[in-house]
Amino acid sequence: MRSILPARHRALLAVAGLCLSAAFGAAHAADPVKAVASFSILGDIVREVGGDDVSLTTLVGPDGDAHEYEPTPGDAKKLSAAQVLFVNGLDFETWLPKLTKASGFAGKTVVASQGVTPRKFAGHGDAGKHDDHDHDHDHHDHGHGREDGHHHHGDADPHAWQNLANGVIYARNVAEGLAAADPAHADNYRQRANAYIAKLQALDANAKKTFSAIPAERRKVVTSHDAFGYFGDAYGVAFISAMGVSTDAEPSAGEVAAIIEQVKRERVPAVFVENITSPKLVQQIARETGAKVGGTLYSDALSKSGQPGATYLEMFEWNVRQLAAALQP
């Protein structure tokens with residue numbers, strides 16, 4: 001018996017070790033992927049596609065202005081621990097490269113807008129048809145190529161999520177990015193993305209139907225900054241922006257006067273404020289033209305939880321309803 005017991009003990013210990021190793025491996029595999037999203041709209045798409053398989057941090061939160069954002073040391077710490085970073089691209093997050101470098105981020109970067117057909121800003125190519133006020137755009141540079149160390153947007157409009165067809169591209173890119181980072185749950189990501197895409201496509205069809213029922217001459221709107229070009233192209237609404245693309249741009253008195261004249265001349269029915277900008281300029285235009293203040297639109301950020309635009313789908317549905325209600329004859 002003495003010669004048999006040690007062998008039995010050895011066998012039992014080996015089995016126990018294998019069980020512990022398997023349990024540890026399963027627990028380790030079940031750890032959610034640590035992901036960071038640059039801003040709230042993209043963060044919501046990652047949350048929808050990632051589900052419980054992802055632990056998500058969003059840098060620019062609800063009602064936050066990604067144009068004006070100043071990263072914090074805490075952001076660098078969050079990024080240093082991340083496995084995947086989701087960015088919009090199209091020069092939207094001009095502050096992010098420095099943060100990525102400072103954090104020592106060593107994970108994978110997924111550009112959500114990859115595959116989108118970029119829209120050129122007004123004054124660059126033929127996209128000016130949706131921002132066709134005839135005053136001189138050179139007085140405020142829309143944040144392009146600024147030398148003040150702040151925004152350096154290129155010619156491409158970064159607000160691609162404002163067309164739901166592009167939202168579909170974002171969701172697919174997010175799913176593939178997560179699948180690459182976490183192959184064990186690749187099917188989960190793709191299944192959730194497909195279910196989410198179906199909702200985006202249904203809302204897209206509804207938006208097209210809604211605006212096609214409004215006379216074309218009434219589909220004109222003034223907004224704070226140039227964030228709705230993709231929306232305008234997709235759904236047939238002409239947007240006149242008071243501030244260019246950067247929310248810190250200050251239009252001259254002459255530019256404001258030119259917008260007021262255009263609103264009067266073209267009988268633009270409504271002006272809208274945005275959740276990330278001061279309403280003062282838009283309210284001035286409304287006062288001096290008699291155009292109706294149509295309410296708040298969500299442009300670059302979601303609302304806080306419990307408000308009308310707390311998710312990407314809710315934000316888009318809200319914007320469609322607000323615009324349609326203000327433009328109806």
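Strand E1 (residues 33-39) pairs with E2 in the parallel sense over six bridges, two strands being counted as paired if DSSP finds at least two bridges between them. Helices (H or I, at least four residues) and strands (E, at least two) are DSSP runs, numbered from the N terminus. The model is predicted, so local features need pLDDT of at least 70 and side-chain atom pairs count only at pLDDT 80 or more, while totals for chains, interfaces and linings use all residues. Residues are numbered from 1 along each chain as its sequence is written, and side-chain values use heavy atoms, with hydrogens and water left out.

The average pLDDT of the protein, the predictor's confidence in each residue from 0 to 100, is 84, and 79% of the residues score at least 70. Over residues 19-28 pLDDT stays under 50, and the model has zero contacts beyond four places in sequence for this segment, a contact meaning heavy atoms within 4.5 Å. Residues 123-152 also have pLDDT under 50 throughout, but for them the model has 76 contacts beyond four places in sequence.

The pairing of E1 with E2 belongs to an open sheet of four strands in the order E2-E1-E3-E4, with parallel pairing. Strand E2 (54-60) and strand E4 (108-111) stand at the edges with a single partner strand each, so one side of each has no neighbour in the sheet. The twist from one strand to the next averages 20°. E3 and E4 pair in the parallel sense over four bridges, and valine 84 is placed opposite lysine 108 in E4. E3, H4 and E4 together form a right-handed β-α-β unit; a crossover is right-handed if, with the strands pointing away from the viewer, the path from the first strand over the helix to the second runs clockwise. The loop between E3 and helix H4 (96-103) contains leucine 90. Phi of leucine 90 is near 55°, a positive value in a residue other than glycine.

Helix H2 lies across E1, E2 and strand E3 (84-87), and runs at about 175° to E2. Axes are lines fitted to C-alpha atoms, for helices over the stretch in contact, and angles run from 0 to 180 degrees between N-to-C directions. H2 (residues 40-50) also packs against helix H6 (residues 186-212), at an angle of about 120° and with the axes 7 Å apart. H2 is therefore oblique to H6, where angles under 35 degrees count as roughly parallel, over 145 as roughly antiparallel, 65 to 115 as roughly perpendicular and the rest as oblique. On the H2 side the contact involves Asp44, Ile45, Glu48, Val49 and Gly50, which meet Tyr189, Arg192, Ala193 and Tyr196 in H6. The residues of this contact divide into five nonpolar, one polar and three charged. In this division Ala, Val, Leu, Ile, Met, Phe, Trp, Tyr, Cys and Pro count as nonpolar, Asp, Glu, Lys and Arg as charged, and the others, Gly among them, as polar.

Another open sheet of four strands has the order E8-E7-E9-E10, with parallel pairing. Its edges are formed by E8 and strand E10 (292-297), each with a single partner strand, so one side of each is left without a neighbour in the sheet. Direction ignored, neighbouring strands of this sheet are turned by 30° against each other on average. Strand E7 (residues 220-223) and strand E8 (residues 238-241) run parallel and are joined by four bridges, with valine 222 opposite isoleucine 240 in E8. Between E7 and E8 the chain crosses through helix H7 (residues 229-235), in a right-handed β-α-β crossover.

E7 also runs parallel to strand E9 (residues 270-274), to which two bridges join E7. Here valine 222 stands opposite valine 271 in E9. E9 and E10 pair in the parallel sense over five bridges, and valine 293 in E10 is the bridge partner of valine 271. Helix H10 (residues 312-327) packs on the sheet and touches E7, E8, E9 and E10, its direction making about 175° with that of E10. Arginine 267 is located in the loop between helix H8 (253-266) and E9. Although not a glycine, arginine 267 has a positive phi of about 55°.
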